Each structure stands twice: as C-alpha cells, then as structure tokens.
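The exercises below concern one protein model. Please examine the sequence and the structure before reading the solutions.

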Amino acid sequence: MRFQQMLQVRRLASTGASGSSVMRRPTTASVRAATTGASAHHRTTGTATPWTPRTPLTPRTPLNPWTPSTTTVRTMAGSGAPIPELTQITDNVLRGNYATLNDKDVAHFEQLLGKNHVLTEDLEGYNICFLKRIRGNSKLVLKPGSTGEVAAILRYCNERQLAVVPQGGNTGLVGGSVPICDEIVLSLARLNKVISVDEVTGIAVVEAGCILENFDQRARDVGLTVPLDLGAKASCHIGGNVSTNAGGVRVVRYGNLHGSVLGVEAVLANGQVLDLMSNFKKDNTGYHMKHLFIGSEGTLGVITKLSMLCPHSSRAVNVAFIGLNSFEDVLKTFVSAKRNLGEILSSCELIDERALNTALEQFKFLNAPISGYPFYMLIETSGSNGDHDEEKINQFIGGGMERGEILDGTVTGDPGKVQEIWKIREMVPLGLIEKSFCFKYDISLPLRDFYSIVDVMRERCGSLATVVCGYGHLGDSNLHLNVSCDEFNEAIYERVEPFVYEYTSKLKGSISAEHGIGFLKKDYLHYSKDPVAIGWMRDMKKLLDPKAILNPYKVLN
C-alpha cells in the first residue's frame with residue numbers, strides 16, 4: 001500500500017501528471033479573470049473524501065508569437081476603499097523648494113515626446129497608490145519611449161528644478177511610486193521591450209518598463225525563467241522590481257535581485273546616462289555601482305535597462321499544501337524541507353488560519369483542499385526529473401506525518417491543480433483589502449520569532465481589529481503582518497505604529513523585507529539603519545541628485 005493511502009495524504013496528480021510539463025503560477029490578474037462568475041467554494045475537513053477542484057485552471061500554453069500583455073495594475077486593485085484625501089494635506093507635508101509646472105514646460109515636453117505621450121487629464125490612476133492610502137496631485141504624466149528621452153526629460157527638470165517621480169506598474173505597497181505633492185510622473189510604460197534572451201548563457205537584456213509576466217513568457221519560450229515571481233507579475237514592471245529590490249516567492253531558491261541582476265543602465269538627475277550593463281557573472285572591475293540603483297527606489301537615478309541571469313525552467317513541479325497544529329511544527333517542517341528536499345526546494349510559504357479564512361470568505365471561487373488547522377504551509381519543488389522529485393516530496397511529507405508535525409495535506413504535480421493551490425496563496429493579500437482597511441507590514445524577523453509578533457498584535461489591538469493575521473515567505477524570514485478594520489481607525493494606528501517597528505528592531509529584524517521604504521516608512525528607517533549609515537545615504541543622495549528632484553519625500557526623511 002502506498003504511504004499516501006496509509007497516511008491519508010490527498011494525492012491529486014493523476015499517474016504521470018508531473019511528466020515534463022513546464023509550470024507557471026497564476027497571477028492575481030489572471031486568477032480574477034479565470035474565476036469571474038465562479039460558484040461558491042466548497043471546503044472539506046478531515047480525510048474522508050479526496051479534494052477535487054470545482055473549476056480547475058488549465059496550464060497556460062506559450063504565446064507564439066510573443067505579444068505584450070495589456071493588463072495594468074488598475075484592473076488588479078480590489079480594495080473597496082474610497083479615494084483618499086490629498087496626502088500633502090493629510091500628512092502635513094511641506095512642499096520642497098521646487099519650481100511650479102507651467103504651460104511653457106508642457107509645450108517643451110510635447111515637442112520632445114509628442115502630444116500623445118504627454119498626459120494632462122485623467123491622471124487619477126497615476127496619483128493614487130495601489131492600496132489607496134497615498135494620493136498625490138500631479139498635473140503631468142510623461143511617457144518617454146527611449147533612454148535618450150528619459151535623459152532629456154531629467155536634464156530639463158533638473159535645470160528647472162521640477163520634481164519627478166518615476167513610476168512603473170504602480171503595484172508598490174509603501175507609496176514609493178506615486179506623487180506626494182505635485183511632482184511630474186515619469187512613466188516607464190513605453191520602455192517595454194525584451195531586447196534579447198540568450199538560451200546558451202541564460203542572460204536576458206530587457207527595458208525597465210517591461211511587464212514581469214511578459215518578460216517571463218519570453219524567457220520561457222527558450223526554456224528559461226525569470227528568477228523573480230510575484231503575485232502582481234501581470235502588472236508590475238521589471239524596472240520597478242529592481243528599483244525596489246522586490247523579493248517574492250523564489251528567493252529561497254534563487255536569492256534576491258542583487259545577485260540576479262548583472263548590470264543596469266540608469267539615468268542620473270542631471271540627465272547623464274550611466275552605462276553599468278554587463279553580460280557576465282564575474283566582472284571584478286572596480287566598484288559595482290549597479291547596487292546603488294537596486295533597491296534605491298528611484299531616488300538616485302532612473303533605471304531604463306538591465307541585464308539579468310535567468311535559470312533554466314523546471315520540467316517537473318510539485319506543490320504540497322499541508323496543515324499544522326503549531327508554529328513549532330512549522331519550524332520543524334521547514335528544517336525538514338531544507339534537509340530532505342534540498343536542491344529542488346523552490347518555495348516555502350506560510351499562511352495562518354485567519355489569513356486563509358479571510359480569503360475564502362471574500363472570494364467564493366477559492367477551493368481550499370484542507371481546513372481547520374492553525375497553520376498552513378505551501379511547499380513547492382522544481383526540478384528536472386519528475387519521478388525523482390515526486391519520491392522526495394512524498395518521503396518528506398510521510399516523515400512529517402509519522403512524527404506528528406504534519407496533520408494533513410495535499411500533494412500534486414498536476415499543472416492545473418498546482419495553479420489551484422497557488423491561487424489560494426496569491427489571493428490572501430487581496431482578501432484582506434477587498435472590503436476593509438488594512439494596515440500591512442512587510443518585515444524580516446529571526447525564524448524562531450517569526451510569528452510571535454502576530455500574537456502580540458492580536459492582544460494589543462483586541463476588539464478594535466476585525467482580523468490580525470500573518471502570512472509570508474517563511475523560506476527567507478519575510479513575514480507579512482496584517483491588521484484589518486472596517487475603515488481607517490486612529491486608535492488602531494496608534495497601537496500598531498511605531499510599535500511594530502520597535503518590536504522588529506529589538507529582534508534585530510528589518511522594517512522592510514521586500515517592499516522598500518517609500519513614503520510610508522521613511523520616518524521609521526532609523527529602526528533598521530544605524531545613524532552613520534543613514535548619514536552616508538544622505539551624502540550619496542546629495543552627490544547623485546544635488547537638487548533632490550528624484551522621487552522626493554521618499555526613503556530619507
């Protein structure tokens with residue numbers, strides 16, 4: 001008898017399903033589109049009957065020929081929150097000593113870019129952040145189509161002392177990509193080309209405005225994959241990902257973008273183009289200045305192009321969705337996953353019960369394979385040999401169940417069912433903002449203390465909060481703490497900030513694991529950075545952007 005039957009593991013994959021299928025996770029946008037009008041979800045408990053998805057997704061087929069997607073972040077926003085007041089007013093922001101835009105400026109940009117690429121009307125989508133917490137008052141959006149045009153724009157703005165905010169897909173969660181006052185929005189959307197993908201070297205060259213999903217599809221056409229995977233991949237731009245050093249669910253396998261990005265092309269505030277492109281993993285020729293622009297959120301320069309090392313895509317993908325009774329069991333299972341899955345472990349995600357239940361309540365099309373457990377882990381393996389990988393993950397789960405660390409679970413290598421499980425994880429963040437206001441915190445904590453802050457915040461907020469929950473990337477110590485309420489609540493705000501950052505600082509954690517500092521966290525940077533380090537950051541800003549026109553009011557207070 002197979003151990004899955006003895007241990008009552010729900011094995012979803014049909015015989016040979018794992019095969020050699022190239023897997024891709026669903027994106028938030030595609031999930032919404034695929035599930036429109038879906039019937040109510042059905043949740044099972046215990047182990048009486050196997051789970052069968054009500055509306056399984058089918059794996060995507062490669063686009064041939066490749067064509068860019070037209071999906072934008074504005075179709076993704078699911079929050080029912082009203083349009084916020086102007087942030088300059090609500091946060092009492094003192095406008096910097098910048099020039100005021102006039103008709104002569106607009107005429108100059110129209111001559112430079114053409115009238116179709118100079119927007120002065122219907123700018124709400126460019127002024128409001130994804131979470132609808134930040135709202136600027138920009139009167140002008142510029143959409144250059146080349147590095148040369150970006151350079152000409154910044155050169156002019158620097159001379160005139162006009163403030164500029166670079167903007168990609170506007171999927172950020174800390175207000176880093178929208179105006180705070182009346183800055184000019186510099187949209188990189190037209191710089192959307194995948195210039196080259198070399199299947200021999202694995203090196204791709206891409207413009208900053210290329211949508212991540214389109215980039216990944218182009219890479220997959222030649223058997224490669226982009227080493228970055230986000231729920232917002234149908235909308236976010238690769239340049240924005242690099243500018244914020246975005247993390248996602250693959251960091252445990254491929255590391256962060258400081259390692260994957262081989263080189264960048266960036267335009268400085270004075271319009272000077274800095275060519276830091278490289279097509280080699282080894283290039284010890286002085287200072288590696290590319291790192292200044294990875295994670296600096298457009299405050300030091302505007303990335304217009306980059307080269308990235310793309311690994312070969314996996315031919316066999318398996319996903320386990322398991323239920324656990326305690327966070328202690330979660331840690332034991334994580335250690336076991338690293339020890340027993342080793343080189344094929346590609347993702348290790350944690351979802352607590354409240355986070356999962358909120359998503360299930362908000363999105364009736366979701367179909368959870370198991371329920372009734374305090375913690376859930378989503379563990380993915382990616383490799384080249386389906387039989388080998390399946391055997392390893394079966395042994396891993398079997399051992400965990402024998403030790404009592406894993407109480408129940410689902411394992412599948414079937415592409416459609418893999419997507420069904422990933423769909424649950426991807427909809428958790430949107431479930432928390434669908435019909436409520438949510439304070440969201442993206443923090444890194446030592447693994448042994450990874451979840452303790454969630455319990456502390458539940459006690460601290462009490463009945464003021466409707467939901468306090470945690471989920472995130474356990475594999476790289478990145479917790480997403482969420483405190484939800486019906487609408488913005490000053491009493492909750494006073495209980496969570498700056499307490500969350502103080503708590504994180506005491507544990508030597510990071511107040512921003514992958515979302516950046518932006519506008520929302522600039523006052524709290526000192527909880528993670530030494531004053532001397534912050535001083536050097538200010539000096540670097542003054543050196544590269546002496547008039548401070550690039551993304552003002554962000555990162556450094």
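**Exercise 1: a charge and a ring**

Task: State how the charged end of R460 is placed relative to the ring of F499.

Solution: The charged end of R460 sits over the ring of F499, at 4.0 Å from the ring centre. The criterion is that NZ of Lys or CZ of Arg is within 6 Å of the ring centre and within 35 degrees of the ring normal. The model is predicted: local features need pLDDT of at least 70 and side-chain atom pairs pLDDT 80 or more, whereas totals for chains, interfaces and linings use all residues. Residues are numbered from 1 along each chain as its sequence is written, and side-chain values use heavy atoms, with hydrogens and water left out.

**Exercise 2: aromatic pairs**

Task: Determine how many aromatic pairs the structure holds, and describe the pair of F375 and Y451.

Solution: Rings of Phe, Tyr and Trp (its six-membered ring) pair if their centres lie within 6.5 Å; planes under 30 degrees apart are stacked, over 60 edge-to-face, and the rest tilted.

1. The structure holds 17 aromatic pairs.
2. F375 and Y451 are edge-to-face, with 4.8 Å between centres and 80° between planes.
3. F375 belongs to strand β13 (residues 375-383), while Y451 lies in the loop between β15 (437-444) and α16 (452-461); the two are 76 residues apart, and the pair links distant parts of the chain. Helices (H or I, at least four residues) and strands (E, at least two) are DSSP runs, numbered from the N terminus.
4. Both residues, F375 and Y451, are buried (under 20% relative accessible area; exposed is over 50%, partly exposed in between; 1.4 Å probe, protein chains only).
5. Ring pairs join F327, F375, F450 and Y451 into a cluster.

**Exercise 3: the surroundings of L445**

Task: Is L445 buried or exposed, and which residues does L445 touch?

Solution:

1. L445 is located in the loop between β15 and α16.
2. Its relative accessible area is 3%, so L445 is buried.
3. Leaving aside residues up to four places away in sequence, L445 touches F450, I453, S477, L479, T504 and L507, contact meaning heavy atoms within 4.5 Å.
4. L445 and N478 are 33 residues apart in sequence, yet 6.8 Å apart in space, C-alpha to C-alpha.

**Exercise 4: an open sheet**

Task: Give the strand order of the open sheet of 5 strands, and explain why one side of β6 and of β9 has no neighbour in the sheet.

Solution:

1. The order is β6-β7-β10-β8-β9, with antiparallel pairing; strands pair if DSSP finds at least two bridges between them.
2. β6 (194-197) and β9 (273-276) stand at the edges with a single partner strand each, so one side of each lacks a neighbour in the sheet.
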